[in-house]
Amino acid sequence: MIIGVPKEVKDHESRVGITPAGAKALVEAGHKVLIEQNAGALSSFPDDEYQAVGAEIVGAAANVWGNADMVVKVKEPVEQEYWHFREGLTLFTYLHLAPLKDLTEKLLSKKVLGIAYETVKDRANTLPLLTPMSEVAGRLSVQVGATYLQKEHGGRGLLLGGVPGTLPGNVTIIGGGIVGTNAAKMALGLGASVTIVDLSLNRLREIDDIFNGRMKTLASNSYNIEKAAAEADLLIGGVLIPGAAAPKIVTAAMVSKMKKGAVIVDVAIDQGGCIETARPTTHSDPSYTVDGVVHYCVTNMPAAVPNTSTLALTNATFPYVLKLANQGAIAALNSDAGFAEGVNTYNGKLTYKAVADAQGVEYTPVASLLG
C-alpha cells in the first residue's frame with residue numbers, strides 16, 4: 001500500500017500523522033510511505049529522519065494525496081484540502097464531522113472512506129484514539145487557563161494556587177472523563193480549589209477515591225452547574241458524547257453571572273462545545289470575551305505541544321495504520337467491529353449515527369456496507 005502523510009494546514013496545526021518510527025515499520029512491512037516536505041518539522045521530526053528509514057519526501061501536498069491509497073493525518077481536512085478527495089481514497093484522521101456539514105458532504109460526494117480516530121472503539125468499549133489527545137488537552141486546559149487569568153490576557157489577575165495568606169483560585173470542571181480527570185490532576189498540582197461536575201454518581205465516587213477526597217464533587221444538574229460556574233475563576237468544559245455534537249451544559253445566562261475576568265476553556269469545542277457562549281477559535285486568535293468572561297476555545301489545543309502530542313497520538317493510532325496497510329481497509333475493518341465503528345463515511349453513505357442525527361441526514365449502518 002502507498003501511505004501518504006501531508007503537512008497539516010489547519011491554523012497553527014503542528015502535529016504529524018506518522019513519526020519516523022512508524023514510517024520505518026511500514027517500510028519494513030513492504031509499504032511505500034510518502035511524506036510531504038517538512039510535515040514533521042514542527043513536531044521535531046525533520047525530513048532527514050524520515051528519509052533515513054526509507055520514506056520518500058514529496059514536495060507538494062497534491063502529490064501526496066494524489067498518489068496515496070491511504071492518507072494519514074491528524075486534524076480534519078480544511079476547505080483547501082477538499083479538492084484532493086477522490087473515490088477509492090482511505091482517509092484516517094480526526095474528523096469531528098457532527099458540526100462540519102460541508103466537510104461531510106464533500107467526503108460523501110467523493111465517496112471517500114473516512115475513518116475517524118474519535119469514534120474507533122477497543123474491546124473495553126473505550127475510545128483509544130481519542131484518549132491520548134484528551135489527556136493532553138485536559139492537562140493543557142489548566143496551563144492555558146492559568147495563563148489567561150493573568151491581567152495582560154484579560155483575566156482577573158489571579159494566581160491559581162495563591163500564596164500563604166491568600167485564597168487559591170476556584171477551578172470548576174464540567175465532565176469527569178479523561179479530560180476532566182487530567183485537568184483535575186493539574187489544577188490540584190497547582191494548589192487550586194477544584195470542583196468536578198458529572199452526571200454519573202458512580203464516576204464521582206471513582207474520582208473521590210482516585211483523588212482521596214482532595215476535590216469537591218457535584219452531581220450534574222442546572223442548579224449545581226449554575227452555582228459552581230458563578231464561583232469559578234476557571235471553568236473547564238470537558239463533556240463528550242462520542243461522535244455527536246456536545247450538549248450545551250453551561251448556558252449563556254450562567255456565563256453572564258460568572259465573575260468578571262474569569263476564564264472559560266471549552267475543550268469540547270471540536271464537537272461544537274459544551275458551553276453556550278463558546279465558538280471555535282484558532283491558535284492565531286485564541287480568545288475573546290463575553291460578559292467580561294475570557295473564552296479560550298481553540299479547536300486543536302494539543303498542537304501547542306506538538307512533540308508530546310504527536311508521540312502520544314501515534315502510539316495509539318499506529319497499530320491501526322499498520323493493520324489497514326497490511327490487510328487492506330475493508331479486511332481490516334471487517335476483522336474488528338470496534339475499528340469499524342471508526343468509519344463515518346463510506347461509498348457515499350454516512351455511517352455514524354450520532355453524526356447523522358446531528359446533521360439531520362440519512363444514516364446507513366456500516367456493517368451493511370462492508371459485508
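**View 1. Strand β14 between its pairing partners in a predicted model.** Strand β6 (residues 113–116) and strand β14 (residues 343–346) pair in the antiparallel sense over two bridges, where pairing requires that DSSP finds at least two bridges between two strands and a strand is a DSSP run (E) of at least two residues, numbered from the N terminus. In this pairing, I115 stands opposite V343 of β14. β14 also pairs in the antiparallel sense, over two bridges, with strand β15 (residues 349–350), and there Y346 has K349 as its bridge partner. β14 and β15 form a hairpin with two residues between them, and N347 in the turn has a positive phi of about 50°. This is a predicted model, in which local features need pLDDT of at least 70 and side-chain atom pairs count only at pLDDT 80 or more, while totals for chains, interfaces and linings use all residues. Residues are numbered from 1 along each chain as its sequence is written, and side-chain values use heavy atoms, with hydrogens and water left out.

**View 2. The aromatic pair of Y148 and Y296.** The rings of Y148 and Y296 form a tilted pair, 5.3 Å centre to centre with 55° between the planes; rings of Phe, Tyr and Trp (its six-membered ring) pair if their centres lie within 6.5 Å, and planes under 30 degrees apart count as stacked, over 60 as edge-to-face and the rest as tilted. Y148 is buried at a relative accessible area of 10%, and Y296 is buried at 6%, where buried means under 20% (1.4 Å probe, protein chains only).

**View 3. The aromatic pair of Y320 and F339.** Because the ring planes of Y320 and F339 lie at 65°, with centres 4.8 Å apart, this pair is edge-to-face.

How values were computed. Helices (H or I, at least four residues) and strands (E, at least two) are DSSP runs, numbered from the N terminus. Buried means under 20% relative accessible area, exposed over 50%, partly exposed in between (1.4 Å probe, protein chains only).
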